[in-house]
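Colleague: I have a model open and want to learn to read it. Can we go through a few features one by one?

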Amino acid sequence: MKTKIALAAFAAAVLLAACQTTPDEPLRASAQLKPTKGNKTYGEVTFQQVGAAVQIQAVVQGLKPGAEYGFHIHEVGDCGADGMSAKGHFNPYGEPHGKYDSANRHAGDLPSLNAPAKNNKRGRARLLVQVDTITLEPGPTNIIGRAVIVHAQPDDYRTQPTGNAGARLACGVIKAD
Ligand SMILES: [Cu+2]
Ligand SMILES: [Zn+2]
């Protein structure tokens, strides 16, 4: 009897170890962007962990062709009060606001969305970028449960702490897939 229990415990330990060392699925998350009051911008943002970086893919519609829009991960996963409840840019390390490719910036600072001027009846913008300031794994830079915001103006990448990107056109909470 004793041997049987010991064997079962051993088998369980082996199974557990297998689960921890060989995840069969990559870590993924997504956010459905919905327009704030009086706006018509919507879209989807997907996130996938790729090594130490996160690949972000965004497809956003209802923009003005030829225009540029600030795009960030904000601290709080709450799209209430027309996106204002999402508070400021996600900034776990107390950095200044900055350009997405600079060393010192908010973890949530992303490249702005660009809606091509031509052949763009739906006002669509696409973005594909990898950033290493955020993660889908547990830790201080984890973005699950935070929010993605599309702004009405371009991000100037320098005005503190917002990039002067203006009103919030669309908002979505980041959820694990
Ligand atoms: Cu923002
Ligand atoms: Zn910022």
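Colleague: Is Ala81 buried or exposed?

Modeller: Burial is a count of other C-beta atoms, placed from the backbone, within 10 Å of a residue's own: 20 or more is buried, 12 or fewer is exposed, and in between is partly exposed. Ala81 counts as exposed because it has 12 C-beta neighbours inside 10 Å. This is a predicted model: local features need pLDDT of at least 70, side-chain atom pairs count only at pLDDT 80 or more, and totals for chains, interfaces and linings use all residues. Residues are numbered from 1 along each chain as its sequence is written, while chains are lettered from A and ligands numbered from 1 in the order in which they are written.

Colleague: Where is the place of Ala81?

Modeller: Helices (H or I, at least four residues) and strands (E, at least two) are DSSP runs, numbered from the N terminus. Ala81 sits in the loop between strand E5 (71-74) and strand E6 (113-114). Its phi is positive, about 50°, although Ala81 is not a glycine.

Colleague: What is the phi of Tyr157?

Modeller: Tyr157 is a residue other than glycine with a positive phi, near 60°. Tyr157 lies in the loop between E8 and E9. It counts as partly exposed, because 19 C-beta neighbours fall inside 10 Å.

Colleague: Which peptide bond is cis?

Modeller: The one from Gln160 to Pro161, with omega near -10°. Pro161 is in the loop between strand E8 (147-151) and strand E9 (168-176).

Colleague: Which residues touch the most other members of the largest nonpolar core?

Modeller: A nonpolar core is a set of buried Ala, Val, Leu, Ile, Met, Phe, Trp, Tyr and Cys residues joined through C-beta atoms within 7 Å. Here the largest has 33 residues, and Leu33, Phe47, Leu113, Val148 and Val150 touch the most other members. Elements giving two or more residues to this core include E1, E5, E8 and E9.

Colleague: Why does Leu33 count as buried?

Modeller: Because it has 26 C-beta neighbours inside 10 Å. Leu33 is part of strand E1 (residues 28-35). Leu33 and Val148 are 115 residues apart in sequence, yet 7.5 Å apart in space, C-alpha to C-alpha.

Colleague: Which way do the side chains of E5 point?

Modeller: In a regular strand, side chains alternate between the two faces of the sheet. Phe71 and Ile73 point one way from E5, His72 and His74 the other way, and all are buried.

Colleague: How many bridges pair E5 and E8?

Modeller: Two strands pair if DSSP finds at least two bridges between them. E5 and E8 pair over 4 bridges, in the antiparallel sense. One of the partners is Ala147 in E8, bridged to His74.
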